[in-house]
Amino acid sequence: MTPWTDERIPIWVPPLPGEALDSWIACYAARLRASTRDFLTALGLPGSRPAQMAAELTSREVDALSLATGLDQAELVAMTLQPFDGLAITISRGQQRRPGQPPWWRRTGARSRHCPRCLDDTTGRWPLEWRLPWIFACRHHHVLLHEACPACGNPPPAHSPSYRGPATPGLCSHPVQVAEPGKRTWSRCRQRLADTTTAVELSPDGPILAAQQSLHDLLHTGLSDREPAGLALREIYALAWRALKGLGTVLDQAPAAVHDVVRDRGGAPPAFSDRKLPETADQVAVGTAIAVIAHEPGHKTANSKDAASTAGGPPASG
């Protein structure tokens with residue numbers, strides 16, 4: 001935080017720990033009763049798009065945001081996906097400036113998983129880490145993250161565009177067709193995502209949440225020590241993909257640890273086709289949980305590595 005200056009906005013809206021930049025910008029604008037577009041224009045950033053800024057900030061955007069809000073450059077960059085570029089995601093440069101094909105798993109664009117209970121607790125503010133392919137569970141509420149809006153069935157964009165007034169955080173902003181007599185038009189879904197009631201409950205002491213904690217720690221370690229973290233992620237991904245493939249053919253021969261993971265997920269293995277890379281939260285959760293057990297030296301159930309050793313390896317992910 002920089003000292004208060006004449007250029008600072010007189011009202012301070014602090015970001016939540018781990019909050020994504022575009023979520024914070026929308027909340028700040030709403031506090032000032034402005035649209036996100038008008039808020040950024042007032043900061044000297046007309047034409048800047050919050051979703052692109054959450055992927056990577058330009059030097060001009062960093063300077064303007066820091067001057068107006070008091071957050072220093074390091075704090076602002078930490079609210080973007082830029083530190084995870086090449087480790088967990090891949091940012092497409094140029095005009096797009098958005099997450100592209102990640103190094104591991106297949107999730108692209110500005111999609112984000114979400115925990116409805118977290119959105120309810122924070123009045124619709126989005127953590128950055130939900131956009132990382134390796135983040136599949138909420139460690140606070142002990143549930144798998146959701147992939148799609150329950151109303152329209154589409155993956156909700158993490159940022160809700162606001163052009164004519166303050167944003168209402170936590171609503172699905174995916175475009176949907178609206179039928180009117182004699183024509184078709186488009187609107188926003190606007191389903192309140194915190195109202196989602198279905199969830200895959202996870203055991204607080206179970207293997208899936210333990211794996212999520214391990215991956216969370218590994219990703220954040222990789223921000224300062226990328227090479228060993230990248231190697232570990234590559235090995236875990238290879239084991240996870242092979243474990244998912246094996247669940248469809250040799251589950252009855254799998255060690256007890258594998259059955260523990262499947263039970264934690266709800267009792268049945270996730271659907272999986274080796275014709276495309278796995279990408280859903282339950283696929284990543286189950287594959288990763290088995291892989292983490294197999295990957296950790298000295299783990300008491302490390303013999304589950306056998307279940308991650310079906311013939312063949314994963315396809316290239318990059």
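**Reading one residue, then the chain**

Reply: Ile 11 counts as partly exposed because its relative accessibility is 31%; buried means under 20% relative accessible area, exposed over 50%, and partly exposed in between (1.4 Å probe, protein chains only). The model is predicted: local features need pLDDT of at least 70, side-chain atom pairs count only at pLDDT 80 or more, and totals for chains, interfaces and linings use all residues. Residues are numbered from 1 along each chain as its sequence is written, and side-chain values use heavy atoms, with hydrogens and water left out.

Me: Which residues does Ile 11 touch, not counting those up to four places away in sequence?

Reply: Contact means heavy atoms within 4.5 Å. Ile 11 touches Tyr 28, Arg 31 and Leu 32 on that count. Leu 32 is 21 residues from Ile 11 along the chain, with 8.0 Å between their C-alpha atoms.

Me: How many residues does the largest nonpolar core have?

Reply: A nonpolar core is a set of buried Ala, Val, Leu, Ile, Met, Phe, Trp, Tyr and Cys residues joined through side-chain atoms within 4.5 Å. The largest one here has 62 residues, and Trp 105, Trp 130 and Leu 219 are among those with the most contacts inside it. Apart from this core lies another of 22 residues, including Val 13 and Trp 24.

Me: What percentage of the residues in the chain is buried?

Reply: Of the 318 residues in the chain, 48% are buried.
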